[in-house]
Amino acid sequence: MKHFAGIDVGSLTAKAVVIDENNRILGSHIMPVGQDSLAAGMNAYAQALVKAGLKKEDVAAVVSTGYSRKRFTEATMQKTEISCHARGVSVVFPKVATLIDVGGQDSKAMKIGKDGKVLDFAMNDKCAAGTGRFVDVMAHALNLTLGGLSDAALSFKEELTLSSTCTVFGESEVISLLSQGQSVPDISWAIIKSIADRLVSLVKRVGIEQDIAMSGGMAKNRALVSRLEDRIGFDIHVPGEPQIMGAFGAAVIAKGE
Ligand SMILES: Nc1ncnc2c1ncn2[C@@H]1O[C@H](COP(=O)(O)OP(=O)(O)OP(=O)(O)O)[C@@H](O)[C@H]1O
Ligand SMILES: [Mg+2]
């Protein structure tokens, strides 16, 4: 049995996945990128290999993707995150027609054809407001973990709306809402609504199909997925571990199919 690997080093996290010929995930690992993206990617790969019980020599081909993909000279091939997320998710949900990948710095909406082929895509402009960074900054301002912000948002009582669409002004607004005595759940929900609105505009640019899926670390934010489902009107398919879909897709591409 041959083995293949994918390494996805994004702006915030490094992800690595090792698979077999049947696309079965044998090992995976996620870690922060920190100061050195090459080291983070290699460490994530080493950890994924340990979990798979394999050595580098056992891996037939490696594909790198993400922001720092070009730094991996050891990789057999380098592919864009867009093609890797599309490929990975289409293995998990073969019917996927629309995909949203929201990471720490980028948001991408894709129109997907047969076998995970990307027919069209749209990306956020150079602004943090529609990305994980927005929620990370707000969670910090509210002294919440990421899961904590999502849980708080789901227990909101009153509809609040953030007037600032910018991350920097939004943070000041959140602090000011707190000082006015607004509740953490209501503010958290306002934050989720703000980012969801931006993502809906983004995904509309490629068209929304019923078979819609979401990947990237932000797909772990249950409040966000729930708000997006309400706005879009369809259930959103979320893979078991959405954050590794880019690395998984890279590993599938490494098989050369
Ligand atoms: N358990 C969690 N609950 C909610 N959100 C989470 C969780 N874990 C990670 N996230 C979100 O995922 C984001 C990071 O996602 P991801 O690892 O896909 O980014 P990345 O690939 O490094 O970035 P990019 O693709 O933009 O370069 C964080 O900003 C954070 O908001
Ligand atoms: Mg990413």
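Let me start at a hairpin. Between strands β2 and β3 there are four residues, and one of this hairpin's residues, Asn-23, takes a positive phi near 65°. Helices here are DSSP runs of H or I with at least four residues, strands are runs of E with at least two, and both are numbered from the N terminus. Strands pair if DSSP finds at least two bridges between them.

A word on the source. This is a predicted model: local features need pLDDT of at least 70, side-chain atom pairs count only at pLDDT 80 or more, and totals for chains, interfaces and linings use all residues. Residues are numbered from 1 along each chain as its sequence is written, with chains lettered from A and ligands numbered from 1 in the order in which they are written.

Back to Asn-23. It is not a glycine, yet its phi is positive. It sits in the loop between β2 (13-20) and β3 (25-32). Buried or exposed? Asn-23 counts as partly exposed, because it has 15 C-beta neighbours inside 10 Å. The cut-offs: 20 or more other C-beta atoms within 10 Å is buried, 12 or fewer is exposed, in between is partly exposed, with C-beta atoms placed from the backbone.

Asn-143 also has a positive phi, about 60°, and is not a glycine. Its place is the loop between α3 (132-141) and α4 (146-154). With 10 C-beta neighbours inside 10 Å, Asn-143 counts as exposed.

Now the sheets. Strands of a sheet pair through backbone hydrogen bonds, parallel or antiparallel. One open sheet has five strands, ordered β3-β2-β1-β4-β5, with mixed pairing. β3 and β5 (77-78) are at its edges with a single partner strand each, so one side of each has no neighbour in the sheet. β1 (residues 3-9) pairs with β2 in the antiparallel sense over seven bridges. There, Ala-5 stands opposite Val-18. β2 and β3 are antiparallel too, over seven bridges. Thr-13 faces Pro-32 in β3.

Another open sheet of five strands runs β8-β7-β6-β9-β10, again mixed. Its edge strands, β8 (118-123) and β10 (236-237), each pair on one side only. β7 (residues 107-112) and β8 form an antiparallel pair over five bridges. Ile-112 is opposite Val-118 in that pair.

Next, helix α8. It lies across β1, β2, β3 and β4 (59-65), at about 140° to β1. Axes are lines fitted to C-alpha atoms, for helices over the stretch in contact, and angles run from 0 to 180 degrees between N-to-C directions.

How do α2 (residues 81-92) and α8 (residues 245-254) cross? Their axes come within 7 Å and cross at roughly 85°. The two helices are therefore roughly perpendicular; that label covers 65 to 115 degrees, while under 35 is roughly parallel, over 145 roughly antiparallel and the rest oblique. Contact means C-beta atoms, placed from the backbone, within 7 Å. On the α2 side, the contact residues include Glu-81, Cys-84 and Arg-87; on the α8 side, they include Met-245, Phe-248 and Ile-253. By class, this contact has nine nonpolar, four polar and two charged residues. Nonpolar covers Ala, Val, Leu, Ile, Met, Phe, Trp, Tyr, Cys and Pro; charged covers Asp, Glu, Lys and Arg; the others, Gly among them, are polar.

Last, ligand 1. What surrounds ligand 1? Its shell holds 23 residues, the closest being Gly-10, Ser-11, Gly-103, Gly-132 and Gly-217. A residue is near if its C-beta atom, placed from the backbone, lies within 6 Å. α3 and α4 each supply at least two of the shell residues. By class, the shell has five nonpolar, 14 polar and four charged residues.

Technical notes: Two residues are in contact if their C-beta atoms, placed from the backbone, lie within 7 Å.
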